[in-house]
Amino acid sequence: MAQQTSRLKDKQDCACGCGLFGTPRKRPEGHIRGCACPRCRGQRNRAKGDAKARKARKALGIGGANTRHEELWGGPIRLEVKAGAQVRPVFTAYLKTEIQSEQHRAMGDPRPFAMIAMPDGTSDGLIVMRLSQFAKLTGIDPE
Ligand SMILES: [Zn+2]
Ligand SMILES: [Zn+2]
């Protein structure tokens with residue numbers, strides 16, 4: 001983006017009345033950067049989710065439509081990238097398990113690691129793997 005040539009807009013109060021003062025953004029219209037209203041938060045979270053999805057797609061070498069709707073991605077599996085707090089426990093459990101496994105890994109065992117999550121009362125488990133390890137396992141060539 002050309003910063004010098006972009007027309008400078010007058011600073012103003014945030015449209016939501018939160019008290020922030022600065023250069024208004026286009027979306028949501030008239031809100032100031034850093035605004036914490038629900039609309040601005042929602043948009044930031046979406047942008048964050050999109051960035052994560054792009055990263056995941058790249059790490060897995062998946063082409064397809066550049067969209068936040070992961071079901072439209074090409075590739076052999078349907079994916080849903082979750083970036084929010086609700087999946088933090090999954091990540092934490094994985095990291096702990098990975099450390100444990102690393103401690104028991106035989107010297108020179110190059111195999112990728114996966115955690116299988118099978119809580120009480122479940123018979124089908126979940127495989128949790130690092131994207132990089134999954135790419136290696138499947139021979140996917142990251143873009
Ligand atoms: Zn505001
Ligand atoms: Zn706002």
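**Exercise 1. Find what share of the chain's residues is buried.**

Solution. Start with the cut-off: a residue is buried if 20 or more other C-beta atoms lie within 10 Å of its own, exposed if 12 or fewer, and partly exposed in between, with C-beta atoms placed from the backbone. Apply it to the chain of 143 residues: 7% are buried.

This is a predicted model, in which local features need pLDDT of at least 70, side-chain atom pairs count only at pLDDT 80 or more, and totals for chains, interfaces and linings use all residues. Residues are numbered from 1 along each chain as its sequence is written, while chains are lettered from A and ligands numbered from 1 in the order in which they are written.

**Exercise 2. List the elements of the chain in order.**

Solution. Helices (H or I, at least four residues) and strands (E, at least two) are DSSP runs, numbered from the N terminus. The chain holds three helices and four strands. Read from the N terminus, the order is β-β-α-α-β-β-α.

**Exercise 3. Check the span of helix H2 and decide whether H2 is buried or in the open.**

Solution. H2 covers residues 88-104, 17 residues. The expected span is 1.5 Å times one less than the number of residues. Next, burial: zero of the 17 residues are buried, so H2 lies largely in the open.

**Exercise 4. Locate the cis peptide bond.**

Solution. The bond joins Arg27 and Pro28, with omega about -10°. Pro28 lies in the loop between S2 and helix H1 (38-59).
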